[in-house]
Amino acid sequence: MTPGKYKELYNQLLLNGVYIWEGKNCFISAAHSDDVIAKLEDKIKLSCKQLLDNGIIKTRA
């Protein structure tokens, strides 16, 4: 993956309350509850929808 390739997604996640360390490492472990994982999944989906709705990213044909 090229550095900065997903900059728009990381920025949108931050706007939606999900901080991802600048090194872009993300881990989910057994220490995370199902509720936390579900909330993260919802935030990722919301961020992607917002980027699509605003024309920042596009779907593949």
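These questions and answers go through the predicted model and set its values against definitions.

The model is predicted, so local features need pLDDT of at least 70 and side-chain atom pairs count only at pLDDT 80 or more, while totals for chains, interfaces and linings use all residues. Residues are numbered from 1 along each chain as its sequence is written, and side-chain values use heavy atoms, with hydrogens and water left out.

Q: How many helices and strands does the chain have, and what makes a stretch count as one?
A: The chain has 2 helices and 0 strands. Helices (H or I, at least four residues) and strands (E, at least two) are DSSP runs, numbered from the N terminus. Helix 2 covers residues 34-53, which gives 20 residues.

Q: How do you know what span to expect for helix 2?
A: The expected span of a helix is 1.5 Å times one less than its number of residues. Helix 2 reaches 28 Å from its first C-alpha to its last, close to the 28 Å expected. After helix 2 comes Gly55, with a positive phi near 70°.

Q: What makes the pair Asn16 and Ser47 a polar contact?
A: A polar contact is a pair of N or O atoms within 3.5 Å; within protein, one must be able to donate a hydrogen and the other to accept it, and residues adjacent in sequence count only if both atoms are side-chain atoms. The side chains of Asn16 and Ser47 make such a contact at 2.9 Å. Ser47 lies in helix 2 and has a relative accessible area of 0%, so Ser47 is buried. A polar atom of the Ser47 side chain also lies 2.9 Å from the backbone oxygen of Lys43.

Q: Which class does Lys43 fall in, and why?
A: Lys43 has 31% relative accessibility and therefore counts as partly exposed. Lys43 lies in helix 2. Between Lys43 and Gln12 there are 31 residues of separation in sequence and 9.4 Å in space, C-alpha to C-alpha.

Q: How do you know how many disulfides the structure holds?
A: A disulfide is a covalent bond between the sulfur atoms of two cysteines. Here it is a pair of cysteine sulfur atoms within 2.5 Å. The structure holds 0 disulfides. For Cys26, the nearest cysteine sulfur is that of Cys48, 13 Å away. The sulfur of Cys48 has its closest cysteine sulfur in Cys26, and 13 Å is too far for a bond.

Q: What part of the chain counts as buried?
A: Of the 61 residues, 13% count as buried.

Terms used: Buried < 20%, exposed > 50% of the residue type's maximum accessible area, 1.4 Å probe, protein only.
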